[in-house]
Amino acid sequence: MIERLIKLTLILSFCYSTCYAQQLHQTKENTMALIELTNISTQAAPNLQQLLDNNELNFKLVLTIEVMHNQQPVTLYRFEPQETMQLHNQHISFLLDNNTGKLEGFVKLLPKYQSSKAQVDKDKALSITLKFLETYAPDLLNNFNNNWIDTHDEQIIVDGKKVTLTGMKVKCRDLNTGLYFWTIIAPDETVMVFERDVEWDFIRAGRQTQKWLHDSWLSKNL
């Protein structure tokens, strides 16, 4: 009887220590992910963490690369749920100007934005966009034109299957520079995509600015 109690105690102790170790490892990973995002956020104003939900703060930094956005040096930071980068899967990415810390672009392509959900109306999408710009790109509010607002689809792979994400796209032109910018507003009224300083040439087949926030571009240019 005593031997059985001793064995049971040892088994329980092992299970507890294993669970505790796993919890400690997960806590450490979550803390590291938050530290990485915090360090990146210090390069920009205001804090980029405000764009994410709590569970999204645990995404891992899987790619940091310095590239060019038009003629400006920028850095792409890409976060995913797992440790290594998987193109075309869910991700959160930031594109920051190396000289000023200005937010050049942001995407949050997640399964929760699947197309089955009702979209915000156009007026609401514009209102959310203007509020976002007040915080993250106030210079764009000086002199711009809203070209159009309409639904827009993006695709990611979830569990091996293509999933369509849909939001309301607000496309605008900065009349001071002639460059374009836009947001895509998700069904939950958060910003799913933001891109700015995009050169568009209809004669030369559309967009001329690099597409570092797009996996189709990354697959050909990394």
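This is a predicted model: local features need pLDDT of at least 70, side-chain atom pairs count only at pLDDT 80 or more; totals for chains, interfaces and linings use all residues.
1. Glutamate 56 is buried, because its relative accessibility of 3% falls under 20%. Lysine 108 is also buried, with a relative accessible area of 1%.

2. A salt bridge also connects aspartate 53 and lysine 112, whose closest N and O atoms are 2.6 Å apart. This pair again links distant parts of the chain, 59 residues apart, with aspartate 53 in the loop between α1 (2-41) and β1 (60-69) and lysine 112 in the loop between β4 (103-109) and α2 (122-136). Aspartate 53 is partly exposed at 33% relative accessibility; lysine 112 is partly exposed as well, at 26%.

3. Lysine 124 and glutamate 189 form a salt bridge with 3.8 Å between the closest N and O atoms. Here helix α2, which holds lysine 124, is tied to the loop between β7 (180-185) and β8 (191-198), which holds glutamate 189; the residues are 65 apart and belong to distant parts of the chain. Lysine 124 is partly exposed, with 35% relative accessibility, and glutamate 189 is partly exposed, with a relative accessible area of 41%.

4. Salt bridges also join Lys102, Glu104, Asp139, Arg196 and Asp197 into a network.

5. The total count is 11 salt bridges.

Note on methods:
Residues are numbered from 1 along each chain as its sequence is written. Side-chain values use heavy atoms; hydrogens and water are left out. A salt bridge is a side-chain nitrogen of Lys or Arg within 4 Å of a carboxyl oxygen of Asp or Glu. Helices (H or I, at least four residues) and strands (E, at least two) are DSSP runs, numbered from the N terminus. Buried means under 20% relative accessible area, exposed over 50%, partly exposed in between (1.4 Å probe, protein chains only).
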